[in-house]
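Trainee: Before we look at the details, could we go through this chain together, one question at a time?

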Amino acid sequence: MTGLVDEGRIMDIVYLDSRKVFDTVSRKILIDKLSMCGLDKQTVRWIEKSWNGQALRVVISGTSSGRGRCYCIGFACQGFDSGVGYRGGFCERLLEASPVSDRPNASQLQVGSTAGQGWDNIFKKVEKTAANTAVDRGVRIFAPEDPSRKVDGDTIIFSHVQERSSAVYQCNASNEYGYLLANAFVNVLAEPPRILTPANKLYQVIADSPALLDCTYFGSPKPEIEWFKGVKGSILRGSEYVFHDNGTLEIPVAQKDSTGTYTCVARNELGKTQNEVQLEVKDPTMIIKQPEYKVIQRYSQVSFECIIKHDSTLLPTVIWLKDNNELPDDERFLVGKDNLTIMNVTDKDDGTYTCIVNTTLDSVSASAVLTVVAAPPTPAIIYARPNPPFDLELTGQLERSVELSWIPGDENNSPITNFVIEYEDGLHEPGVWHYQTEVPGTQTTVQLKLSPYVNYSFRVIAVNEIGRSQPSEPSEQYLTKSASPDENPSNVQGIGSEPDNLVITWESLKGFQSNGPGLQYKVSWRQKDVDDEWTSVIVANVSKYIVSGTPTFVPYEIKVQALNDLGYAPEPSEVIGHSGEDLPMVAPGNVQVHVINSTLAKVHWDPVPLKTVRGHLQGYKVYYWKVQSLSRRNRRHVEKKILTFRGNKTFGMLPGLEPYSSYKLNVRVVNGKGEGPASPDKVFKTPEGVPSSPSFLKITNPTLDSLTLEWGSPTYPNGVLTSYILKFQPINNTHELGPLVEIRIPANESSLILKNLNYSTRYKFYFNAQTSVGSGSQITEEAVTIMDEAGILRPAVGVGKVQPFYPRIRNLTTAAAETYANISWEYEGPDHANFYVEYGVAGSKEDWKKEIVNGSRSFFVLKGLTPGTAYKVRVGAEGLSGFRSSEDVFETGPAMASRQVDIATQGWFIGLMCAVALLILILLIVCFIRRNKGGKYPVKEKEDAHADPEIQPMKEDDGTFGEYRSLESDAEDHKPLKKGSRTPSDRTVKKEDSDDSLVDYGEGVNGQFNEDGSFIGQYSGKKEKEPAEGNESSEAPSPVNAMNSFV
């Protein structure tokens, strides 16, 4: 070992110093214990001597650690004259000196630091004997030279520590009696930063409370810590954050917008690392309806409410306490979700009840007192609202306060809980009472705060459990002195209505807030960030002022100050407003479209410069529309769609696109005024998609072994059709499916004849279209091949039995109207079959609806259908192995805006027509009766009106007619009368005059008649008869005249 030391090599030495241990206990007790453990006396005595002498001699390679006497105990000693060795005995070293060392501790240093490792506690202690011994001190470093360390006496100094400085340093102290070695391990820490806080650790705090985000780190040299918020956030700085030396970030007052991801970055010379933590700021828990003071009668029921509002992500627990202790274990106490109910209240229930709401982050509570009163002695006690207070008195009048006192009215057997004080401003709002304050029911005086320039009157209202009393009589009036305003208008805003103005608005002060007469406002403004003076104007008691001639959308500093005849209000705070907006000037540029799939695209654009927005940037609008389908090549009406992306976003997603189509889009910037110009139209195309299901599938022409399939192409092919896929399988009588057969059909086909099928077998078909992308949704249908012409199945080979007869239903037809459909079919099979009709909405997965057909009819009417809807229908026969026809699809007629009704079949119309016919018949009968009675026309009035000089009145003896006989046909012709016609002056007609024969005027019986039989001889140009002849005519009416009356 010493040789290794001389060579300068590193050694590990373990020091076992038993002295320090044994110095702390009684040595006599230890010696007794050693004897009891069975050690021999020599060994025990040697140990005892070593403790007393505090020194032992060490022999290494035959050389003793020092000179001196050696006591031999029980054995012979040899060679002790020179202090060399001993054999077979125990030797004890006395009084000689050996080096004693307080060894330095191991040290840890950081890269780049400076430190010293000292052996200044290393000393050599000499105990003198008869021969005095000299003492030497010395320190040696057996290591290569290194400029980063130096030896200064008994100290090693390290400067700008590097990783290579890590080593075990050994101090060798020696004298003539020996030497001692002391080791010191210097470990230079060189560690890149490490963050010990778990990744994505979630912190949850309540709003308006501090948040502490940990970032426990380790590294050498000591890392620097920085915090960021969000993915691309900037470094956090400012007074709203507190950065602790241990890396913790403190947000003294966390708000809802503080929620997010925070990133802690630690870096030093050796590297950088980061860690993310999550912060969630929750809404505080509140009791929005607290329990209220209750006065309840004994043996009745009481309920306390405790309605809470909390963050939706926190689970609250509600605990009720009575007098700060748990509720009594009594079934009378019922705890609900938001209330506590006490049944059959007793005197011991009197006390304070507290509702405590706890969440994992906060806790709130509210209390109420329950007072139990005696039950009414007799039912005659009536509980009512209290009587109004009276005798109101004002005392201690000051400029801004007054004391109001009153005397309560009768409680009416229910204690008064509180008093409400109201006031009236007789100067500004006479007759209008406002709420002032309220006090407990035990208080009858209150100190009221007043405002200047108000003529106050007060009244008091008492309140108990029953209700509110009538208001008291008003107090005397008290007019406070005027003063300058105490406050300025609120809600000051500056928003331009036109590009060249600024409209400043505010909420005016209320009447009593003016504090004096002559209320006005001083409106001041100046352009922000420009070294301009304030421009001010004083306006009357209004709430708006317009500044004209302003630049477009420029920020302004605005303030509005109230003043009256006594002075100004305090200096108002400034608000920022903007002059009017104008439409944006430029369109977004560099519009790019990235098609993600057949129905989704992502559009990018460059944001417009904010100066060109000329207003508050509200976002961007993307206009896009389908130009044409690439599969059909037919244009249709362009329907533009608009998507709005709020804020200064530079991209957006366009969902709901149609596959395999050509689209155009443009982008526009939007501000408060409107939209800016559109960017150039950008054309993009969507790739192919899977097609929709075929529009229809019909199965016709069933034969013994074949079926004909017809189909329509998909309504939305969504690409170029490559083929159709047909799959089919048989269905046996137990509705089990057989093997599935698949056929690929070219896309240009629209029909197919399947041959070599089994006769009288039901098949189920699955049909869908394909594009290069894949298969679309499928449509299904069932059909049956017809049975053998003989109506029986051919016997199976080797069986010899005839298979049962299978019926069939064919030629299923439908005739649909708006809300009903006529279903008919043909049936071949056993008699007395019970049919049913099943129907449902085409393409729907809903269960079939079933209608039973009465009797064995082969038709049925489906009623109650929805207009304009496609239905599927099939007919089946019960009791015949579930046999059904093939499906048919029909569509009901569209719903009409107003229902068309055939009025010819309506009862009201028939009745109306009968009434009209009856009325016409009555009119005809009346006309016939009047004609038969010889109704007359008032010709005289017509002649007088025409004033014909040739037509003069004649006397009765003139022999002329007084009136013409009424003829219906003459009334239609309106022909002038002949000159011979005269009317007597008294407008009377003699009987013989009216009965003249018409033959005299119409050449006898050969006179002419109109088509209706009326006589027209008077207009034939024949000269009138002589007067004598006319007067002498007295013969009876001729048959011609009689016939004319019934024409």
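Mentor: Two strands pair if DSSP finds at least two bridges between them, and this is a predicted model.

Trainee: How many bridges join β22 to strand β27?

Mentor: Strand β27 covers residues 339-342, and β22 runs antiparallel to it. The number of bridges that join β22 to β27 is four.

Trainee: Which strands stand at the edges of the open sheet?

Mentor: The sheet is open and antiparallel, with three strands in the order β22-β27-β26. Each edge strand has a single partner strand, so one side of each is left without a neighbour in the sheet. Neighbouring strands are turned against each other by 15° on average, direction ignored. The strands at the edges are β22 (302-305) and β26 (333-335).

Trainee: Which side chain of opposite charge is nearest to Asp425, and how far away is it?

Mentor: Asp425 is found in strand β32, which covers residues 416-425, and Asp425 is buried yet has no salt bridge. A salt bridge needs a side-chain nitrogen of Lys or Arg within 4 Å of a carboxyl oxygen of Asp or Glu. The nearest side chain of opposite charge is that of Lys510, at 12 Å.

Trainee: Which side chain does a polar contact join to that of Asp425?

Mentor: Leaving aside residues up to four places away in sequence, Asp425 touches Pro430, Val432, Val454, Asn455 and Phe512. The polar contact has a length of 2.6 Å, and the side chain it joins to that of Asp425 belongs to His428.

Trainee: How many residues apart in sequence are the parts that the pair of Lys256 and Asp311 ties together?

Mentor: Lys256 forms a salt bridge with Asp311, and their closest N and O atoms are 4.0 Å apart. Lys256 lies in the loop between β17 (249-251) and β18 (260-268), whereas Asp311 lies in the loop between β23 (307-309) and β24 (317-322), so the pair ties together parts whose separation in sequence is 55 residues.

Trainee: Which residues are linked with Asp283 in a network of salt bridges?

Mentor: The structure holds 23 salt bridges. In the network that includes Asp283, the linked residues are Lys256 and Asp311.

Trainee: Which strands hold Arg874 and Glu838?

Mentor: The side chains of Arg874 and Glu838 meet in a salt bridge of 2.7 Å, N to O. The pair ties together parts that are 36 residues apart in sequence, because Arg874 lies in β64 (residues 870-878) and Glu838 in β61 (residues 834-841). Arg874 is buried, with a relative accessible area of 10%, and Glu838 also counts as buried, at 11%. The strands are β64 for Arg874 and β61 for Glu838.

Trainee: In the salt bridge of Lys528 with Asp529, is Asp529 buried or exposed?

Mentor: The closest N and O atoms of Lys528 and Asp529 are 3.3 Å apart. Lys528 is partly exposed, at 27% relative accessible area. Asp529 has a relative accessible area of 69%, which makes Asp529 exposed.

Terms used
Residues are numbered from 1 along each chain as its sequence is written. This is a predicted model: local features need pLDDT of at least 70, side-chain atom pairs count only at pLDDT 80 or more; totals for chains, interfaces and linings use all residues. Side-chain values use heavy atoms; hydrogens and water are left out. Helices (H or I, at least four residues) and strands (E, at least two) are DSSP runs, numbered from the N terminus. Axes are lines fitted to C-alpha atoms, for helices over the stretch in contact, and angles run from 0 to 180 degrees between N-to-C directions. Buried means under 20% relative accessible area, exposed over 50%, partly exposed in between (1.4 Å probe, protein chains only). Lys and Arg count as positive and Asp and Glu as negative; His and the chain ends are not counted. A polar contact is a pair of N or O atoms within 3.5 Å; within protein, one must be able to donate a hydrogen and the other to accept it, and residues adjacent in sequence count only if both atoms are side-chain atoms. Contact means heavy atoms within 4.5 Å.
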